[in-house]
Amino acid sequence: MSATIALLGQPNSGKSTLFNALTGLRQHVGNWPGKTVEKKEGTFTHKGDTYSVADLPGSYSMSANSDEEVITRDFIASGKADVVCILADSSQLERSLFMLADYAGLSAPCFLVLNMADVAKEQGKKIDANKIEQKLGIPVMLFSATDTKSYDIFYATLERAIKEKSHINVSALEAEYQKIDGYQDIQQRISDCTIPGYTPMWLTVKILEHDKVVTAKLKNALPDEVMKHIEQQTKSSETAIAAGECKFNWIDSILSGAVTETKTKTTLGRLDRIYTHKFWGKPAVVLTVLLGLLASFIPALPIMGIGSGVDMVNGMIRSSLMETGTSAFLTGLLCDVLIQSLSYVIKMLGFVFGVTLVFGLLEEVGVMARISYVFDNTMGKLGLQGKSVMPFLVSFGCTMGGAAGARVIDNWGQKVLTIALAWAVPCGAAWAIIPMLSTVFFGAGAPLVIVALLLVMILHMWITAKIFGRKLVKTEDKCGMIMELPPYHKPKWGALMRYVFGRTKDTFFRVVKVVLLVCGIFWLLSYGGSTGENSILEKFGLAIEPVTKFFGMPWQLFLAFIASSVGKEGAVGVITALYSGGSIGTAFSEAMAGGARAANLNELLLANVTRPEALAFIFAITFNLPCVVALAATYQEIHSVKWTLKIALYYTVSALLLGCIAYHIGMLIW
Amino acid sequence: MNLSELKENSEAVISGIAGDARFISRITSIGLTPGCHVQIIKNDKNRPVLLYSRDTMIAVNRRECTGITVTEVRK
């Protein structure tokens, strides 16, 4: 037998944890057809039966507030799932059963998992799942992800739900709805087959709630005069508010007699008093993220070590190939493209692994919600969520890590905008070469250059937010936060680690393809042939030098700028090669592999580059697109070729513009 | 008065909600409905209002607070 289960639950209901625990590494992240929403699927076997699991996206309800919610309910109505597993948080049952109340009336069979039973127990709540089950008419179970016995009960409940095809008993809920003016009138005009998968009760309530998608669908399904009649009754917002009250009244009636609790006065915990503090909240959050970043280096270092190992092997292969007289073309293709790309990706993958682990942990423990709270106001000015502050901080280390960290942002447009802005943050590679270049050219003035770069970064982010924000963040998404700050949870390490490994593996395979492609093209263009004649890239650079000169860059610097889009460290190698004669491709990949800089680099630079040109170059490479791996990671996170290219093009053009401005300011000074 | 005008540690009952369908849906799905009891935990300038309701700690942006009218409950 095989069956499909869909997981449905509000944020913090433990849905992802259950999904990861059930499917382990057998999961796949893709896209919902035609949408930018992430689709998470996985499989598991139990007693020889294969189950596929769909982790439904979605937030607090089944309304049409977002693509996620529309996808979720369309998926359920399509009948693709044999059973829907609805999750609720036992420690806040009243509120978290709202999803169940909003679900009631959809025709897919379902069962209810009351998660976080351990937390509820600690709070002194006693929940009688049997009583709730009797009232609801569907299997109901208490569950705690950290308890291994829970899973046996889960499988048993799942099997029961599939066999019984259980539906929620909605008669008490419908009795509540009938008290709303206009409910009966509208409900009578809709039949079971008006829109398949939805009952008349559910559709009527959505009309009363002014659900745009349902209203539009009904317009197609019902005669005009019926629709006109319906719309007349739902003009005020009162009906929507009343529908919400009905749901909670119903939840109260379900829970009455089934839950006993000892009322305690609520106060903030010690940690929350720091995080929510007027002055110390922000420093505490930044410190938490930075400590998290440092901690993420511990698991990252071994992976980065593997990358360095690949570099060493690469060096050995290169020298032995040259000894045996293999053609320069083949050697280059193998060493400068194939093995080199692998090494870039592995090194940065360490960062992705660390960041995914630490961010995943912060989210699971509940700290992420506090971060959202503290930075809601600041990030709101950029049209973003409070959480966006985290990818920004990570990007000081590695933009790929920042892009991977943007996963925690649940709105696609805001996620894309966050990554687009994170690109403006100078990454570790920039910090490795910018201070060096600044010191060579400006000596004691170098700190001033750094300060100027940071100021430009802030301005850049602000302007970029204005430019892209209009398209990416719809006005209705600009709304401020209305969000739960969940109680702190103990992490479930096994599920978390499985998730992190799965995610890192996915990122690796997707990113490696893009990196190979881009590095291959770059290498081909920079390949000078065995005779040492000018490569296509050099010819191109020379040809458009009159134009790039205006931007403050002689052709050598312009080519180094282009190389910096592939990898910033490589730009220095390209400069050395171009001013001292040598192969760009090899110099680039050696610099990327962390090879020693030419001993005469300072003299080479000072002899060939003027100070305004140097300033232009520094600004241009700092704000150029970070590197090909970041580009690939961005694509992996946002699933849109169009937007990835759009952002990349924007960064190339704006970096040249910034370089141009810096150059002309430099000309005025020197 | 609206939600953001409540002082820290005060308690109130929501008396009305006003806004577009999207706002009503969002505020309802987090559990804030008319008649619902709230306890203000923190109310700092430039920060969302932090409140406790239906066993849940909830943060509500200050702008969104203007759509939620409340009646203070004297303890």
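**Figure 1. Strand β10 of chain A pairs with a strand of chain B.** In this predicted model, β10(A) and strand β4 (residues 56-60) of chain B run antiparallel and are joined by four bridges. To find your way along the pair, look for E484(A): its bridge partner in β4(B) is I58(B).

**Figure 2. The largest nonpolar core.** This core has 239 residues, and the members that touch the most others are A6(A), C85(A), I86(A), L114(A), V574(A) and V629(A). Helix α16 (residues 328-365) of chain A makes the largest contribution, 15 residues. Domain 1 (2-169) and domain 2 (172-261) of chain A each put in at least three residues as well. If you're wondering about the general idea, nonpolar side chains in soluble globular proteins tend to be buried together.

**Figure 3. A closer look at L114(A).** What does L114(A) touch, once its neighbours within four places in sequence are set aside? Its contacts are A88(A), S90(A), L93(A), I127(A), A129(A), V140(A), M141(A), L142(A) and F143(A). Remember that L114(A) is among the core residues that touch the most other members.

**Figure 4. Where two domains of chain A meet.** Chain A is divided into domain 1 (2-169) and domain 2 (172-261), and their centres, taken over C-alpha atoms, are 23 Å apart. Across the boundary, 25 residues of domain 1 of chain A are in contact with 20 residues of domain 2 of chain A. On the domain 1 side, α2 (67-77), α3, α4 (98-103), β7 (125-127) and α6 (129-136) of chain A each supply at least two residues. Here α6(A) gives the most, with four residues. The domain 1 side splits into twelve nonpolar, six polar and seven charged residues.

**Figure 5. Strands β1, β2 and β3 of chain B.** Start with strand β1 (residues 11-17) of chain B, which runs antiparallel to strand β2 (residues 37-42) of chain B, with three bridges between them. Here A12(B) sits opposite V38(B) in β2(B). β2(B) also pairs with strand β3 (residues 49-53) of chain B, again in the antiparallel sense and over three bridges. Look for K42(B) opposite L50(B) in β3(B). β2(B) and β3(B) make a hairpin with six residues between them, and N46(B) in the turn has a positive phi of about 65°.

**Figure 6. Chain B as a whole.** Chain B has two helices and five strands, and from the N terminus on they come in the order β-α-β-β-β-α-β. Its C-alpha atoms fill a box of roughly 30 × 25 × 25 Å along the principal axes. Why can we call the radius of gyration of chain B, 11 Å, in agreement with a compact globule? Because a compact globule with 75 residues would have a radius of gyration near 11 Å. Of the 75 residues in chain B, 52% count as buried. Take the contacts in chain B between residues at least 6 apart in sequence, and 58% of them join residues at least 24 apart.

Definitions and conventions. Residues numbered from 1 in each chain as written. Chains lettered and ligands numbered in written order. Predicted model: local features only at pLDDT ≥ 70, side-chain atom pairs only at ≥ 80, totals over all residues. Pairing = 2+ DSSP bridges. Core = buried A, V, L, I, M, F, W, Y, C linked by C-beta atoms within 7 Å. Buried ≥ 20, exposed ≤ 12 C-beta atoms within 10 Å, placed from the backbone. Domains from an automatic or database assignment. Contact = placed C-beta atoms within 7 Å. Nonpolar A, V, L, I, M, F, W, Y, C, P; charged D, E, K, R; others polar. Rg over C-alpha atoms; globule rule 2.2 N^0.38 Å.
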